[in-house]
Amino acid sequence: MEAHEVKWSYSSLKDYQNCPRQYQEIKVLKNYTKFPTAEMRYGTEVHKAVEDYVGEGKPLAPDYQRFAKQLQPLIEMEGTKHPELRMALGFDRKPSKWNDYWVRGIADLVVLNGDTAFIVDYKTGSSKYPDPKQLQLMALMVFSHYPEIIYVKAGLLFFPSEYRREDEEKLWGDFYPHLERLRLSYENGVWQENPTPLCGWCPVKRCQFHKER
Ligand code: SF4
């Protein structure tokens, strides 16, 4: 198998990093399905409400009024707003069709203003362990899709990060070791278990490390 045959997204690569065996059972063999948790369903609802509010000016539902103050700077931001922006790249890291891709992802909001882009992720989970790598991938996809952009400011609601076009190779380099491990798993059929306390929430019941909660 060639490296370019491994299609990925930020979340699928993260799933692989968390447990290759679980990735194999769910994504390769399709023996199990990962059902969304209550937290994930809440996140989807909030994303939709915020997308409609910031992108289309629809009123926020009463339950989400508490986000209005935090979202005001996004509404007032100058530039062209692209809510739920879908971006896909081919193996050459050039823009590709959504269904004919090497890597793809959806940015919650991208605002383009001259040579600068602002990317925001509406993070709804715990802010204790923010993971800005997803924003790093979105920034790299913005560089590919919008050649005029040389500078990206990004934030996981309020954990800001910044990326420069001149650092593109270094930024891609953060993903490549994990992608190479994923490619080797496909090539060699070796999908290592990675037991953690989260095994209680894993749907792969035939794994030796699975335990009932
Ligand atoms: S039970 Fe644990 S080790 Fe086994 S597949 Fe699931 S997450 Fe991986």
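## Helix H2 and its cover

Let's start with what covers the buried residues of helix H2 (residues 20–28): helix H1 (10–18) and helix H7 (176–188) are included in that cover. Covering here rests on contact, meaning C-beta atoms, placed from the backbone, within 7 Å of each other. The buried residues of H2 are Pro 20, Arg 21, Gln 22, Tyr 23, Gln 24 and Glu 25. A residue is buried if 20 or more other C-beta atoms lie within 10 Å of its own, exposed if 12 or fewer, and partly exposed in between, with C-beta atoms placed from the backbone. Just after H2, Lys 30 has a positive phi of about 55 degrees.

This is a predicted model, in which local features need pLDDT of at least 70 and side-chain atom pairs count only at pLDDT 80 or more, while totals for chains, interfaces and linings use all residues. Residues are numbered from 1 along each chain as its sequence is written. Helices (H or I, at least four residues) and strands (E, at least two) are DSSP runs, numbered from the N terminus.

Helix H3 covers residues 38–56, and Val 50, Tyr 53 and Val 54 are its buried residues. Seen down the helix axis, these buried residues fall within an arc of 85 degrees, so they line one face of H3. The arc is taken from the directions between the helix axis and the C-beta atoms. An α-helix has 3.6 residues a turn, so residues three or four places apart point the same way.

The buried residues of H3 pack against helix H4 (68–76), strand E1 (80–89) and strand E2 (103–113). On the other side, Arg 41, Thr 44 and Glu 56 are exposed. Gly 57 follows H3 with a positive phi, near 75 degrees.

Ala 117 has Val 152 in E4 as its bridge partner. Val 152 belongs to the covered face of E4 (residues 151–156), along with Ala 154 and Leu 156, while Tyr 151, Lys 153 and Gly 155 make up the uncovered one.

Glu 162 lies in strand E5 (residues 160–164). Glu 162 counts as exposed because it has 12 C-beta neighbours inside 10 Å. Leaving aside neighbours within four places in sequence, Glu 162 is in contact with Val 152 and Lys 153.

Conventions: The expected span of a helix is 1.5 Å times one less than its number of residues. Two residues are in contact if their C-beta atoms, placed from the backbone, lie within 7 Å. Two strands pair if DSSP finds at least two bridges between them.
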